[in-house]
Amino acid sequence: MEIHLNGFHDGNPEIYPPAGEDKLYSPEMPDELDVLIVGSGPAGLNLAAQLSQFPEIKTRIAERKDGPMLRGQADGVSCRSMEMFNAFGFVEKAAKEGHWVNETCFWQPDPENPENPEQIVRAGRVQDVEDDLSEMPHIILNQARVHDFYLEVMRNSPTRLDVDYQYQLQILEIDTGESAYPVTATFAHQGQTKTVRAKYVVGCDGARSAVRTAIGRELKGDYAYQSWGVMDILMTTDFPDIRHKNIIKSAAAGNILIIPREGGHLVRLYVELDKLSERGGSKGVSLEHIIDTASRIFSPYQIDVKEVAWWSVYEIGHSLTDKFDDVPATDINHRLPHVFIAGDACHTHSAKAGQGMNVSMGDSFNLGWKLISVLTGRCPPELLHSYSAERQAVAQDLIDFDHEWSRAMSKPPEDSDDTTPLIQKHFVAGGEFTAGLRVTYPPSSITSSSDWQHLATGQPVGNRFHSAPVIRLSDARPMQLGDTIKIDTRWHIYAFAGSGDPAATDSGIYKLCTFLANDKNSPVLKHTPEGADIDSVISVYGIFQQSHQALDFEAM
Ligand code: FAD
């Protein structure tokens, strides 16, 4: 947030001055839009919160439900999602409210007590996030609160964007001709029909996505015939690690994943239930059955469930669509995408790797800046092809990872002389993936090849920018480099200077800055519109090896 950049505004700096009347959200759904988002889950809200910052882009987000989510569903927030929350400006709130996952414990039958295989013991304990993977913690927070944070960003934005509830998408038609508003969406709204034309439609409408069906794409995958119960409960117990994340593998009663929840009391249990002989076979499973199964797995420890805040039963399946937009692979060179899908609309998998909400938000974070850049004229519309190309590959990696993880979770505890549980080894090996940090985009119009990788080995080409602690020269403030990234769709140049005097005219950083400031080929000069701030499109940061007091600030 750039406080007082363009004049002094009193009051809460998180609330932007409103844009002009015609750009503000109003309860009446317009007939024509730049971007129509369908679905207000984490994918849809993440996208809406980005677009809401740009009054010149007419955006609406339609949702079939009556109001915002209050409880349940996902709760794992990966380090990468926290980095993203930092860009939105609400990471401190999430970190304050959330439960920090610092260690994960592994429990299994006691090898010293083979006569009583139903008695579990702690077999391992590991640090949850490896050192220096991210400046952010891995936290647990109710999905509904994550939604609330996005809604706050939207409502405080210059457009005061809000969700249009009770709009159920029924029909979506695409005109592949030259129309300015090529997509027509028809909604059922309070007993009436409402038709909206849009330049772009993004289906963030979950696993049964109507938008996906309309563009002729299918979720294809496999089915594990395994049911799991999940419940958010308040209970008393003598299980010592109840405020840790745990994986318990019992000898014969099944497995449990324990996720301590925000606030210090609530806990979520994912409880492995029965193998199924047919799809949908878990219908009718009762809460009592889940609690009974959990009690057996916890033996010899006792659990006494006092209150159940939310519970659900689900069956494991893995599925994926082949493309995340409306352009057939054969037409990429002569057709531009106008309809996209994101989140569960594109990929479904088990909940236990904690990736559903994270990867869904990652999808629409990727699409958001591209739509903004195209609609504000900064990038050509061909850029939009890269969304499906990049995110479909990420989803495929997720499905592969989750297959492996689900199999490891459901395997009975192994009989081996190795004292480290196999599941612990799997967990450690997958740490970077579950933190959301193993995404590498391949070379494309926006990602270079690795020809120059040797110049910055700590920043792998195609990965997210790895933050580091720095001291800001202008005011000696300790901060993270990652704090410079906001949801403003700017490009950033981070120049890591050599060890010599940066003010010396023959230093690399001096030459680079001279080129950027003066040369007719400077990307900064080329892409900054006349009259705009010099850092409004590309901002440049220098990172120096010396301490801030050793640098000659005036000379620089
Ligand atoms: P969703 O969150 O599914 O949001 C889609 C939105 O689109 C919904 O609000 C829906 O009402 C709306 N919508 C759908 N169709 C239309 C339409 N035609 N018109 C208008 N609006 C429409 N993950 C975990 O990690 N742990 C869990 O325990 C867990 N439990 C879950 C329980 C349930 C019941 C569900 C549905 C999901 C659960 N998940 C869980 C998965 C996790 O919540 C999802 O991965 C995540 O929410 C995906 O986000 P999304 O925005 O893509 O889709």
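1. Two strands pair if DSSP finds at least two bridges between them. Helices (H or I, at least four residues) and strands (E, at least two) are DSSP runs, numbered from the N terminus. In this predicted model, strand β12 (residues 220-237) and strand β15 (residues 267-275) pair in the antiparallel sense over seven bridges. One spot to look at: V230 has Y270 in β15 as its bridge partner.

2. Some housekeeping. This is a predicted model, where local features need pLDDT of at least 70 and side-chain atom pairs count only at pLDDT 80 or more, while totals for chains, interfaces and linings use all residues. Residues are numbered from 1 along each chain as its sequence is written, and side-chain values use heavy atoms, with hydrogens and water left out.

3. Now the whole sheet. Eight strands make an open sheet with mixed pairing, in the order β6-β5-β13-β14-β15-β12-β16-β18. β6 (120-127) and β18 (347-348) each have a single partner strand and stand at the edges, so one side of each lacks a neighbour in the sheet.

4. Helix α9 (residues 422-429) lies across β5 (103-109), β6 and β13, in contact (heavy atoms within 4.5 Å). α9 runs at about 15° to β6; axes are lines fitted to C-alpha atoms, for helices over the stretch in contact, and angles run from 0 to 180 degrees between N-to-C directions.

5. Last, a helix pair. The axes of α2 (residues 79-88) and α4 (residues 143-156) come within 11 Å and cross at roughly 25°. That makes α2 roughly parallel to α4 (angles under 35 degrees count as such). M84, F85 and F88 in α2 meet V146, Y150 and V153 in α4.

Conventions: Angles under 35 degrees count as roughly parallel, over 145 as roughly antiparallel, 65 to 115 as roughly perpendicular and the rest as oblique.
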